[in-house]
Amino acid sequence: MDRGIPTEEVLKQMRTSEPPVQYLVGTPKGRLTALEQALLVKPWKQVRPEVRVKLLPQDAELYVFAESQDRIAKERSMRRRQMKWLWARLKKLATMKLTRDALLMKLGAAQNKTPAAWRLVSIEIAVDGASFGFWLNRKKLRDVRRREGRYLLRTNLTESDPAKLWEYYLLLVSVEEAFKTLKGDLAIRPIYHQLVPRIEAHIFVSFLAYCLHVTLGHRLKHLAPGLTTRSVLEKFSAVQMIDVRIPTTCGRELTLTRYTQPEPELQLLLDRLKLSLPAQPPPKITAAQAATATCV
């Protein structure tokens with residue numbers, strides 16, 4: 001579970017249940033502050049080339065302090081992007097002629113848009129008037145940089161291999177990705193049906209679609225490892241099904257259902273995945289009016 005879900009009461013219930021429930025959960029950053037001194041003397045253990053951890057047994061639990069180079073780069077990039085926008089916005093607000101109320105509203109909007117960067121900036125607003133000053137809080141910035149890409153896990157598992165614990169925690173990423181796929185790519189929500197059987201059918205069809213989504217992902221790992229399922233589906237969306245309707249002189253209509261031919265790049269992807277498009281459907285003739293004349 002992620003750190004926003006379990007509470008101390010829930011974790012206690014999991015530990016004291018019969019049989020005990022095993023967990024591996026994220027912890028709030030406040031606990032990291034409390035354990036920081038104890039973690040400093042612990043040695044690092046390499047889990048992956050870009051990931052290392054420290055293990056700290058305490059109070060019948062095992063704390064896992066993890067550091068990921070990829071996550072450090074990601075979080076720093078996000079922080080710099082927010083800080084760049086916020087700094088430019090504050091400079092612009094400082095040049096505007098605003099009332100005090102308007103200034104406070106615009107500062108509040110900037111805070112809502114960049115909450116992480118806002119915590120690193122000190123702002124002093126004049127008691128009277130609509131002027132303000134701002135500067136970078138370098139102490140907070142140093143603290144944030146020291147903790148970027150690092151997070152604390154806690155578990156009651158007896159497993160002491162850090163690599164195995166890391167693999168367990170990565171399951172959370174898979175679960176979150178599954179929910180993202182169901183809500184985003186497959187659009188399982190909102191459900192507008194009123195009857196329970198229709199709701200169940202909607203969920204069942206969405207589950208089947210998710211099974212195909214996962215199957216395609218496993219196929220990509222072996223045949224096209226550089227692509228994700230989402231990117232492949234976006235490429236496949238270029239293929240469209242169209243109906244070509246040709247009226248005849250006797251009132252009938254010839255319907256040709258055809259899919260568009262894939263572009264060379266998409267055809268290469270189909271060949272890579274060892275997939276082939278089905279044959280074009282046969283034409284259909286519909287009789288709009290009863291006619292005995294010979295059709296051309």
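Predicted model: local features only at pLDDT ≥ 70, side-chain atom pairs only at ≥ 80, totals over all residues.

Student: Which residues line the largest cavity?
Tutor: Among them are Arg-3, Thr-27, Lys-29, Arg-147 and Tyr-151. Strand β7 gives the largest share of that lining, 3 residues. By class, the lining has 4 nonpolar, 1 polar and 4 charged residues.

Student: Is Arg-147 buried or exposed?
Tutor: Arg-147 is buried, because its relative accessible area is 18% and the cut-off for buried is under 20%. You'll find Arg-147 in helix α6, residues 138-147.

Student: And what does Arg-147 touch, leaving out residues up to four places away in sequence?
Tutor: Its contacts are Lys-29, Leu-32, Thr-33, Glu-36 and Glu-75.

Student: OK, pockets now. What volume does the largest pocket have?
Tutor: About 1,300 Å³. Its lining has 36 residues, and Arg-71, Lys-74, Glu-75, Gly-149 and Tyr-151 lie nearest its centre.

Student: How does that lining divide by class?
Tutor: Into 13 nonpolar, 5 polar and 18 charged residues.

Student: What about the second largest pocket, how much space lies there?
Tutor: About 480 Å³, with 18 lining residues. Helix α8 supplies the largest share of them, 7 residues.

Student: And which classes line the second largest pocket?
Tutor: That lining has 8 nonpolar, 7 polar and 3 charged residues.

Conventions. Residues numbered from 1 in each chain as written. Heavy atoms only, no water. 1 Å grid on protein atoms, 1.4 Å probe; cavity = no way out; pocket = protein on both sides within 12 Å on 5 of 7 lines; lining within 4 Å. Helix = DSSP H or I, 4+ residues; strand = E, 2+ residues; numbered from the N terminus. Nonpolar A, V, L, I, M, F, W, Y, C, P; charged D, E, K, R; others polar. Buried < 20%, exposed > 50% of the residue type's maximum accessible area, 1.4 Å probe, protein only. Contact = heavy atoms within 4.5 Å. Points joined across faces, edges and corners; volume = space filled by probe spheres on them.
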